[in-house]
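This report looks at selected parts of one structure: a side chain, a loop position and a pair of packed helices. Please keep the sequence and the model in view while reading.

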Amino acid sequence: MTLSEFLASLDALAAEAPARIEAAADLDAWTEVRNALVGRQSGRLTDLLANLIQLPKEDRREGGIRANTVKVAIEEALEARRLALAAAAATGGPALDPTMPARERWRGAVHPVSLVIDEVVEIFRELGFTIALGPEAEHAWYNFGALNFPPDHPAMDLHDTLYVGDEQVLRTHTSPVQVRTLQQYPPPVRVLAPGNVYRSDPFDPSHAPMFSQIEGLVVDEGVSFADLKATLSHFARRFFGPTTKTRFRPSYFPFTEPSAEMDVQCGVCRGAGCGVCKQSGWVEILGSGMVHPAVLEAAGLDSEKYTGWAFGMGPARTAISRHGIPDIRILYDSDVRFLDQFAR
Ligand code: PHE
């Protein structure tokens, strides 16, 4: 045998070995393949090495080195395959496939209602507002009495309000935070109060017994309805876009006088009329008004000296009209397929 014949046999073995090793589907098959390739009795490499002695003396060194390289490569491939098969046998699963594409890392998403709250808070933060919080289980006086609800107001009915005690309610709006804030901090006051509120409503496509609100309150000397309109219009343009049209409609709340509801032009149809705005071209965004003097007095302020304005908005409604969400209950489902769409 010549050196080139010897090397050709070696190359042929090196070329076919990897596929044979990978093809071994279990440890028994692996043992067979190992014996066939490098077994002491009749392995292909063992047989080849026996030929080494027949090579011309000056060629034996090179032949030996090349044979050893092939031997090491085959033994490494055998060992890797054996480990993979052993791991698969231990876990009962398929052998590790290092060529499989990596699973995409799930990064989580911010809930669309939280996104609205974050954006609203940020816009008012730029205007100098700070955050105020109040309890969700609230004294009825803060929720109703201090806010100038007459004693027989239907909102206080068991039908509409969830009572947790004789005089304790789950707050039906974030407006009690107005009173708590004014009791605690002297004007000038500029606060935003996001939080959960509760109403004894059925859970249907447009109602939920628990939802979030964002309250805003400004109290100082000389604050006017012009400040309310200017600030809320600015907010609407920042939130919905610079060309957004707003309109104020007279409304009624016991704790504001005068009261106004603010509508923005429907973002889905740009005012033309669609399902989201019920063909009106406008979407109601918030309730607002000048803080009623009785509320300022209830909080211990001189209503001759101070005036203020307040608003309350529902970020869920805003998220719904922004994204055209057909059923409010989707916001409560924690369905990853829905929430994933809001990943930033
Ligand atoms: N609290 C009112 C509501 O829940 C909203 C509101 C807040 C209106 C502040 C005027 C001023 O509907």
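**A buried arginine**

Arg 81 is found in helix α4, helices here being DSSP runs of H or I with at least four residues, numbered from the N terminus. With a relative accessibility of 12%, Arg 81 counts as buried, a term that means under 20% relative accessible area, with over 50% called exposed and values in between partly exposed (1.4 Å probe, protein chains only). The side chain of Arg 81 reaches the backbone oxygen of Glu 22 at 3.4 Å.

This is a predicted model, in which local features need pLDDT of at least 70 and side-chain atom pairs count only at pLDDT 80 or more, while totals for chains, interfaces and linings use all residues. Residues are numbered from 1 along each chain as its sequence is written, and side-chain values use heavy atoms, with hydrogens and water left out.

**A loop position**

Ile 53 lies in the loop between α3 (44-51) and α4 (57-91), and it is exposed, with a relative accessible area of 59%. Between Ile 53 and Gly 64 there are 9.8 Å in space, C-alpha to C-alpha, and the two are eleven residues apart in sequence.

**Helices α5 and α8**

The axes of helix α5 (residues 112-126) and helix α8 (residues 225-240) come within 10 Å and cross at roughly 130°, where axes are lines fitted to C-alpha atoms over the stretch in contact and angles run from 0 to 180 degrees between N-to-C directions. The contact (heavy atoms within 4.5 Å) is made by residues including Val 116, Ile 123 and Phe 124 of α5 and Leu 232, Phe 235 and Arg 238 of α8.

How values were computed: Helices (H or I, at least four residues) and strands (E, at least two) are DSSP runs, numbered from the N terminus. A polar contact is a pair of N or O atoms within 3.5 Å; within protein, one must be able to donate a hydrogen and the other to accept it, and residues adjacent in sequence count only if both atoms are side-chain atoms.
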